[in-house]
Amino acid sequence: MMDESNPYLPYIARIEDAWYETPVGDRAVKTFKVNFVDDKVWDTWSHRPGNCAMVGRLGIGESMFCISSSPTEKGYLRFSIMNSGGKVTNALHELEAGDTITVRGPLGNSFPMEEWEGKNIVSIGGGIGQAPLRPVINYVRANKAKYGDLKVLYGARTSDLHCFKGEFDEYREEGTACHLAIDVEEKDWPHFVGFVPDLLMEVAPKPENTIAVTCGPPILIKFVTQNLEKLGFKAEQIYTTLEERMKCGIGKCGRCNVGSLYVCKDGPVFDYATLKTIPEAFA
Amino acid sequence: MVDEKNLRDKAKEVLERDDVRRLIGWARGTYGYESAPVVLKDASEVDKLIFDPTCVQNPASFITLEEKKPVPRGQEPDTRKVAVLVKGCDSRAIVQQLVEKAYDREGVIVLGVPCTGVVDRRKAAKMFGDTSEPVEISEEGDKYVLTVNGEKKEAPKAELVADKCLRCRYPNPLVYDMLVADEVEKWADDEFADVDEFAGQTPEEKWKFWEEQFSKCIRCYSCRNVCPMCYCVECVVTKQKPQWTRRATDISENTAYHIQRAWHLAGRCIECMECQRVCPVDIPIMTLNRKLTRDVKEMFEYEPGVDVEAEPLLACYNPQDPEEYIM
Amino acid sequence: MGDFKFAKDKMAEVIGALKDYQVLAPKAVGDVLRFQPVEDPAQVSLDYPNTNVPPKELMFPETETLFKYRVGQTDIEPEVPDASARRLIFGIRPCDALAYTIVDKLYAWDFPDPYYQKRREATVLFGFACSEPAANCFCPSMGGGPASEKGLDALMFDVGDTIYVKTLTDKGEEAAKAMGLEAAGEAQMKAADAQEKEALAKIKRTLDHSGIPEKLPSLYDHTMWERFSDRCLSCGICTFLCPTCHCFDIQDEMEGFDGRRARMWDTCMFSEYTLHTSGHNPRPTRKERTRNRISHKYSYFPEKFDVIACVGCGRCINYCPVNIDLLDILEDVKKAEVKEAKTA
């Protein structure tokens, strides 16, 4: 857990492995597999799918990223970070295996995995939005007996821009239905061509006893939630994550509020029923 | 004296036009010795407008302060004009903004208000105390008559008026589409006596002075935000990539900020003195700006905000410009 | 607790007796008053309305180092204040002390903030009751008052030639003993009571805020926000001078190989406050930001902490350069008609 005596102090973690998920260049996504330099941190560390951490470099700063590995993946944490061109993401992308980063966390709330036991789970992701959904998927896979049917829907603009390529075949081998999409026709692409909200209507998961969890660009979330409601999902069955500019990550610096909720503390996981009561959530 | 009814009638005419979106002027404040700037959208609101010695703010600042919002798909951008009431000093800001092509002349309608001085609220508060009621102030000869907490008070103008007014050379607007009152005589010439007095100190004395003043700075950036000439979309001090000035409020960064701003205003500052008025910790910011104003006048014989046809001093290049050090 | 007094002309001695405390008192630089460490007790004067910059800067400095580090090393050196380095704030007004109790809630929330809390622990608050409220004070409407005891360790009253000191906590008692104060008599206590009544009668501005926290979210789309946001300069004055505003930025700074992570005051009024790296800004114009500020203080904060984040000190009204008047806005809020709530 966070250092309770001082929540501003980060842990130092060493990058064990780093690789690009998407082609190097503008807005590339790089995954970092990290391990704490001080082993003892693991003794008190525990995180849940949906939790985030402030990741950064000393001398540059920190930014909030979701932990994109499930707590069932032991001995390391994974962060999949898009280079948005800012100070911190630029600096992080310069790093390779062997370098150190700062990790301050786990922060934020998490997906209510216990509440979802016995239910079917549909994960609907777009682009880098798959990062917070990956720990949900892996958690469900590791606790298969506790959950119903798992369906994974994922799309990106092109097949190059798909994150976590190769992992979807692993899910399929276990019997999980995986539906992939790209926006525009590509040679040799055997799966769906079109936007994720349209893929959703084609797959048409049934709402009975099902939870839908979605993340991606705001426009994707908007149309996916609309389509889920068309398919009969109630607002309480739909979960997503929000993001805002953050600095402290612990609800003190004031800037990440959406209405009366702080995205760093009351979020980033929100159910759609809650979001509907906050006009600012759709700014 | 400005006839408020005439002012409101002219404002009403302007706001009733189809091609006018808003009108910026002054309204009665909610307390004390200053008015409140007001942005009117409809001709029915013109009765809110006032003009008296409480109208200290510079409405020209609000022309460039308005955000340019993205136009929703299917809608046309609103290209209607902005109307603005300005005193003499304020109008210099409009002149300079036009010189720098901040916007088109056709985009604004200027209602000029010849001005006989505004009250310095600190001087008034020292003399008559603070009040939670708005104060009405009128001029009678060379006296101000104030109604403070229901009581009538009087004071010589020269004791209450803002320092800038005592050396005001431009009481009449220098650019306007219409005047709402008759032009007035100027107060005085500006000999930059205050600049000379300060500049006459030793470097050690000056540094000690500024060290004390800049240590007070809380970097609220009100001086920058109220300035009609500070309208950069991204200001150099808030840039993060790269970061030129740190956000830490230490003497190094505070000094860097103030000197940067003074340099960026050299040849552009039109001396409305708003920056100094708004500073919550009383930093005499204009001492720096007036030194540069005087230097610009002496070195280049240039005065900003006076001639709409002029070219911006430090943003123009003339092959005849003297340069002895590159070639 | 106890009732003490000291002669006004002995104030320098009394302050000087506080050898184990760093004493902070209002000091003028020109017309500007701020709390500063006392260098010469003889120069301390309590003849002042209130400081421009509130004493929140004593608990939550404009800039402070969180920790230091060095390039190439993985050690981090936190710079947490020492709770045993005792300080005494001499002459804090009741509104500013009440503000501390409000900000305390946020800094203790879930992840206690040691920087703020250690300073609070180390500090004794010797308040000074107001006999001449300023023009825009409205503290009684916000749960305070010219002689409110909330948050204070002791409260002083100027009752003529004497200062009457009422100690309210153990910390206050301890300091009073260290100052060597004599016991007060009935006369001083009566005079203090009378002063409080007179001061309350002098306060002109009031606010009935009942219903405002619940009503604000429903006014999200109301046009009233444009009326005053049109003239907002987006400067930080209202927030920096507000004793309950607590927002900050965190920045890393390097000098050669040495660096520090520091935090400094920030304001929701700046457009960069919520600017995402992608360029998206959920509060791009002054309308969104001013609406957020009022909603935060009068609705979001009370929703979480059961208290409105405003103590009625009036600084935001006094120092706003364009006469944006909080009480004026809140009257608009009360009068505004709530339309049907928009759903997404």
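The model is predicted, and local features are taken where pLDDT is at least 70, side-chain atom pairs count only at pLDDT 80 or more, and totals for chains, interfaces and linings use all residues. Residues are numbered from 1 along each chain as its sequence is written, while chains are lettered from A and ligands numbered from 1 in the order in which they are written.

**Domains of chain A**

- Chain A is assigned domain 1 (11–106) and domain 2 (120–241), with bounds that come from an automatic or database domain assignment, and the C-alpha centres of domain 1 and domain 2 of chain A lie 24 Å apart.
- In chain A, 15 residues of domain 1 are in contact with 14 residues of domain 2, where contact requires that the C-beta atoms of two residues, placed from the backbone, lie within 7 Å.
- The side of domain 1 of chain A that touches domain 2 of chain A holds 6 nonpolar, 7 polar and 2 charged residues (Ala, Val, Leu, Ile, Met, Phe, Trp, Tyr, Cys and Pro count as nonpolar, Asp, Glu, Lys and Arg as charged, and the others, Gly among them, as polar).

**Chain C against chain B**

- Between these chains, 36 residues of chain C are in contact with 37 residues of chain B.
- On the side of chain C that touches chain B, two or more residues each come from α9 (237–240), β11 (248–255) and β12 (258–265) of chain C (helices are DSSP runs of H or I with at least four residues, strands are runs of E with at least two, and both are numbered from the N terminus).
- β11(C) gives the most to this side, with 3 residues, and the residues of the side divide into 16 nonpolar, 9 polar and 11 charged.

**Helix α10 of chain B**

- In α10(B), the residues B:Glu253, B:Asn254, B:Tyr257, B:His258 and B:Arg261 are buried (20 or more other C-beta atoms lie within 10 Å of a buried residue's own, 12 or fewer for an exposed one, with C-beta atoms placed from the backbone).
- The buried residues of α10(B) pack against α8 (203–216), α9 (222–226) and α12 (285–300) of chain B.

**Helix α5 of chain C**

- In α5 (residues 170–179) of chain C, the buried residues are C:Gly172, C:Ala175, C:Ala176 and C:Met179, and they fall within an arc of 100 degrees seen down the axis, so they line one face of the helix.
- After α5(C) comes C:Gly180, whose phi is positive, near 70 degrees.

Terms used: The arc is that of the directions from the helix axis to the C-beta atoms.
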